[in-house]
Amino acid sequence: MATFSEHLRGRSDDELVRLLLRRPDLAHPSPATLASLAARATSRPSLERALAGVDAAVLQAVEAVVALLAGSTDPADGVRARDVVAAVGASRADGPAVRAALATATDLALVHPAGGRASDPLLRPAPGVAELLGPATAGLAAPAPHDPDAAAVPGLLAQAPAAGRAVLDALTWGPPVGVRPASGPAADAVTELVRAGLLVRADDRHVVLPRTVALALRDGRTHRAPATPPAPEDLPRRDPALVEAEHASAAERAVRLVAGLLRLWGQAPPVVLRAGGLGVRDLRRTAAALEITEAEAAFVVELAGVGALVRDDGEESAHHVPTTAADEWLALDLPDRWARLAAWWAATPRWAALVGTRDERGGVRPALGPELGRPWAPRLRQAVLGLLADAGPGAAPDAAAVREALAWRTPRSVPPADAVAAVLREAGWLGVLGAGALPAAGRALLDPDADPRPALAAGLGAALPPAVDDLLLQADLTGIVPGRPSQELEALLDASARVESRGGAVTVRFTPESVRDALDAGATADDLLADLASHARGGVPQPLEYLVRDAARRHGRLRAGAASSYVRTEDPALLAGLAEDPRHADLGLVRLAPTVLAAQAPLHELLSALRAHGLAPVAETPDGQVLHAAPTVRRVAAARPRFAPDEPGRGAQPPAERAAALVGVLRRAEEARAAGGSTGGAGAVVRPAAAEAAGAARADGTPTLRDRASGVAAATAAARAGRPGTGSPAGTRGGPRPSGGTADPAEALGLLREAAAGHTEVWLDVVGSRGALERRRVLPVRVDGGRVRVVDTARDAEIVVAAHRVAAVTPVGAPDADETPEPRETDTA
Amino acid sequence: MTDGPLIVQSDKTLLLEVDHDQAEACRRAIAPFAELERAPEHVHTYRLTPLGLWNARAAGHDAEQVVDTLLEYSRYPVPHALLVDVAETMSRYGRLQLVAHPVHGLVLHALDAAVLAEVLRSKRTAGLVGERIDDTDVVVHASERGTLKQALLKLGWPAEDLAGYVDGEAHPIDLDTSGESNLGTDGAPRPWQLRPYQAEAADGFWHGGSGVVVLPCGAGKTLVGAAAMARSKTTTLILVTNTVSARQWRDELIRRTSLTPDEIGEYSGSRKEIRPVTIATYQVLTLKRKGIYPHLELLDARDWGLIVYDEVHLLPAPIFRMTADLQARRRLGLTATLVREDGREDEVFSLIGPKRYDAPWKDIEAQGYIAPADCVEVRLTLPERDRMLYATAEPEDKYRLAASAPGKTEVVKRLVAKHRGEPLLVIGQYIDQLEELAADIDAPVITGGTSVTERQRLFDAFRAGEISTLVVSKVANFSIDLPEASVAIQVSGSFGSRQEEAQRLGRLLRPKGDGRTAHFYAVVARDTVDQDFAAHRQRFLAEQGYAYRIVDAEDLEQATEEPA
């Protein structure tokens, strides 16, 4: 038999590289030795991660291995692949898939070969896996001492009352615990079954189906049927041309909405709530102005916030104001603008779907509020998009189908249905999906390490229909661009007409107000008509021309200006010359009529000036200049962008190369260790913090500071740990000190887990309550939640030790190592 | 991307490029399910509405056909959501059916038990249905047939009414195409034939059971009614808008069918006759005294086999309620437009029935049955004094002030002079303005105060060519046949209603003997609400495909030399 760490040592370099690639958390930070790698690979968080990432078939295979071995206490026990194939009820056709799943589980070091031939090994679950899967793995109860004997079960079942059969059927495939009915025929049946030994009373209200009975009922299988992936061919498919077209129109719409938001907020910024964020009423107003639902408005607002296109201006009464970054964004081409939106969306942890929901205190979460961050959000988006990509071109699964596929891919962490639906909805709004399917541009978001923007922009650029420069003007004052308007045409229509409908074409209506807006912006009737005529295929119809001329005729007949105060009199003679007096120049006097002067100065200044100077001679000043009243547009400085897409891939080295380099380092450490073992006969014993503390408590006062990142320092510490301490308790000296032991906390826990899984004894050095080291020979039972449960074999007592008190762990039966090992040189990773 | 003539917008409008080669084929293909919203010169806009799609379903089209049509003619990929929505909407029609059960009588039958459960849970259907027979059937109180249909439509599950109709009291009615009852001025019979579209409309109605026929003014809706009566051969109740219209129906029926004057009764303010064919006005039916409708029993006075609603878009709301009780009788609605200013199109759908026939104005004009028209808006600049008066007037007086601006008289005079000798109508709303105008151009005036006899006399004289110019008020708007009027001048209208404009233009669009172009002038005071209302009405005209121009009153003569 081979323990987990032995198996790991026995892996080829390629296999180790594969492991590190598939479980990247094992390589960060780089482990110093293979033993610490093994320890890390069996730690609960790492296993949790690894299990969260496997698909349903691999999980099922691991479960089957765990379930099949749940009853055994012999560390040499293992299951063969064919046992697993049979246990999951796989048909001949499914066999290879189950074997492949087992191979994956082995690659991931979730199960490991513990003996048998290399081609058909006996597999055992990695230490810690069984604990992680929980007590009723595959719906089978844990083995219990009073379970009926497996051989006797068929006989018992044959005698089981018919009424009890339904009860047994209900519990067969788990969960194995059932609530005991209080009365009625079912209660009697349960009583009967308990009497027959086919059920076991767990407590007053519950009964348990014993493992042996369940296995008999299941024909020895652990699973009803092998897990199979959902068939992608069942998904609805969309015409790729339609996908690209809808992607393009949705992308264009999203960009237009964000631009609309910036324009809207630039003119009338909404206030920032005291606790941060955008008020419900302001959101509603924004939604109405953009003509979208509040949910979509929240999404648009969040998108602008993520890109730092808007932010809190930080003033005393704070407002959400577009930033200078917004101007940069607005200056980009449509595809580039969209590429930024899509990249922001993919990378942000902010979850816009939370806007409007209530938090724990019952308050409504506002858009742009502080509570919208969800760290899993980018991963979920990635997972959903990746799934759509894998489903093939044009596949448009609904939220339920996506969730089902995700449940297959990562059965241990299935996202909630509404989160999946939210991703699909937002992706649809944004145009990352078209008609529910992934367009070419959307694939750019699949690689989290690359900068997606160039590919996004290129994808959208290819999907956008060619721009049309034609305008059909009609007598009912509408105009139609039969396609996507060119930028120039769009600008012209934007300035002079109201959009009535969008889609494949754009229809606009010219109204007196829309034409007036164009005139307000500085156009003249002739300019406007010439511009329209240059685009209009059939000329400008008479009613439209009349409308423009009529609007121009009325335009500017009223003039308005700004003044702070005025002077008025019945007698023009009194005002004569007042405005032109140079002494009044700072008053900014303007003569509006013979009897009216307007002044730029505040009223009090005007009054005191008039009093001081009296009346003055006459002159003329130029004025009456038309002010094209440009709306005040506010800006504040851009905050540090929340998404920094300018850095390309985060690591300089591709992951595969890094993993290969790391394996090299580990191998050298292993060789060094082997070399040390042959000369000194001792393995590296690394001292954990507890031992350190114990050492420090000793009288010798040896400086024990150590740099954990440095392998050299660690080895030095190991050397110290091996030195017999003065005044240490007898227990420390009493036991032998074999090699293969460890004092590194993680490694120590790994060894304990391994021992618990393999039912082997270890020497356990524990820091006692007075700071003294004690050594016991123990059989670890369970390592969980920072505590180690062990059976002290000498005293035959079960004790629980806090993990931080474990100073060192050494397997029993390792060669005698009661000598101080030589400090070794170890390469630092 | 194909090169089709149709652009499908995501807001469910369809843009049809009319100059495209396939435009005509496409128009025919989409007409059954899409409502024509506007038809200006280059691009016609259709809209997909639930009612339109259900109309199509009622006419036997299915969602697949609709989707195929859209895909076939669309230039760009059709938004997927829209196709899904079309299929979804269309699948809702007919999942519930009203059927006559041999044992339980009128029964609401569901093809889908869940739908029935859903509608029965709603408050809207409470009290309208009786005992539940099984999962898919529930008894309906016969008197609530109409109300239930209305409620179901509101719930989005329009029921298909398969419960059939009572036969009604039989009465022989035939079309008299020999012309025996339609003698010409020389005393010889003038044989005639139904126009093809009239026959199609009558067929469409008859096969559908009940429903609405949409034909432009002047396209001969009365004859469609007569043809339907000849199919039904039962006693018939005809509901019309006013007395003059009632008389015209009566005359037309006598001329075109085997009915004799004795068989046709008039039920109006002045006469209360109930005969096998009775023509009643909406007004008398909706007359309310002491909280009750005294004339409502007319509806039950005979066992009517057919009820004809003239100008169904004007049907007053109380008539809807009464109509709800008449669901067992065949109902024919006649109208020029399904657009109702009050937005009650859905009640027409559920209570009269789905659209059974529709022909756009332009088509019938192209077939030569109605005259082409030239529409001109004349803008009159108000003199300084009037502008000041207008500016300072109370808001409620502004329209009246603008509409009856004195300067309009001069413009009308010039237009009358220009079209001297042609049959010409001056239409307005304000009596004193009309009387003043009438005095100025020396023409008789017809207002609400003019007696029916006098009206008839004047109309007859106008028809005979004895009078060439007539000044009429609002009363002339509806259902008065003024053939050969080739020029109309509108000086004021009632706050810019679309259907009013349709009516007025309809006055002019009767086929002209010599194929002349009809002229429609609207005289409008510049920079006033008059102009705003006019803009609203004109939009409707332009949307209907009538070219219109705007000229300044000062440039009137030269601008109207060359008709557009």
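Two strands pair if DSSP finds at least two bridges between them. With that in hand, here are some close-up views of this predicted model.

**View 1. A four-stranded open sheet in chain A.** Here 4 strands of chain A line up in the order E9-E10-E13-E12, with antiparallel pairing. At the edges sit strand E9 (472-473) and strand E12 (498-501) of chain A, each of which pairs on one side only. Look at E9(A) and its neighbour, strand E10 (residues 478-481) of chain A: 2 bridges join them, and they run antiparallel.

**View 2. Helix H24 of chain A and its two faces.** Which residues of helix H24 (residues 525-535) of chain A are buried? They are A:Leu528, A:Leu532 and A:His535. Seen down the axis of H24(A), the buried residues fall within an arc of 65°, so they line one face of the helix. Turned away from that buried side, the other face of H24(A) carries the exposed residues A:Asp526, A:Ala530 and A:Ser534. The cover over the buried residues of H24(A) includes strand E9 from View 1, together with helix H22 (487-496), helix H23 (512-520) and helix H25 (542-554) of chain A.

**View 3. Inside the largest nonpolar core.** This core has 205 residues, and A:Val258 and A:Ala342 are those with the most contacts inside it. Helix H13 (residues 240-267) of chain A gives the largest share of the core, 13 residues. Zoom in on A:Val258 and you will find that it touches A:Val300, A:Leu303, A:Ala304, A:Leu309 and A:Leu341, leaving aside residues up to four places away in sequence. A second, separate core holds 101 residues, including A:Ala27, A:Val190, A:Val207 and A:Ala659. As general background, nonpolar side chains tend to be buried together in soluble globular proteins.

**View 4. Where chain B touches chain A.** How many residues does each chain bring to the contact? Chain B supplies 25 residues and chain A supplies 24 residues. On the side of chain B that touches chain A, the elements giving two or more residues are strand E1 (6-8), strand E2 (13-17), helix H21 (529-543) and strand E23 (548-552) of chain B. Sorted by class, this side of chain B has 12 nonpolar, 5 polar and 8 charged residues.

**View 5. Strand E22 of chain B, covered on both faces.** Chain B has 22 helices and 23 strands, and 49% of its 564 residues count as buried. In strand E22 (residues 518-525) of chain B, 8 of the 8 residues are buried. On one side of E22(B) are B:Ala518, B:Phe520, B:Ala522 and B:Val524, and on the other are B:His519, B:Tyr521, B:Val523 and B:Ala525. Both faces are covered.

**View 6. The strands that pair with E22 in chain B.** Strand E17 (residues 373-380) of chain B pairs with E22(B) in the parallel sense over 8 bridges. Within this pairing, B:Val376 stands opposite B:Tyr521 in E22(B). Strand E21 (residues 487-490) of chain B also runs parallel to E22(B), joined to it by 4 bridges. Here the pair to look for is B:Gln490, which stands opposite B:Ala522 in E22(B). For the chain as a whole, among contacts in chain B between residues at least 6 apart in sequence, 71% join residues at least 24 apart.

Terms used
Residues are numbered from 1 along each chain as its sequence is written. Chains are lettered from A and ligands numbered from 1 in the order in which they are written. This is a predicted model: local features need pLDDT of at least 70, side-chain atom pairs count only at pLDDT 80 or more; totals for chains, interfaces and linings use all residues. A nonpolar core is a set of buried Ala, Val, Leu, Ile, Met, Phe, Trp, Tyr and Cys residues joined through C-beta atoms within 7 Å. A residue is buried if 20 or more other C-beta atoms lie within 10 Å of its own, exposed if 12 or fewer, and partly exposed in between; C-beta atoms are placed from the backbone. Two residues are in contact if their C-beta atoms, placed from the backbone, lie within 7 Å. The arc is that of the directions from the helix axis to the C-beta atoms. Ala, Val, Leu, Ile, Met, Phe, Trp, Tyr, Cys and Pro count as nonpolar, Asp, Glu, Lys and Arg as charged, and the others, Gly among them, as polar.
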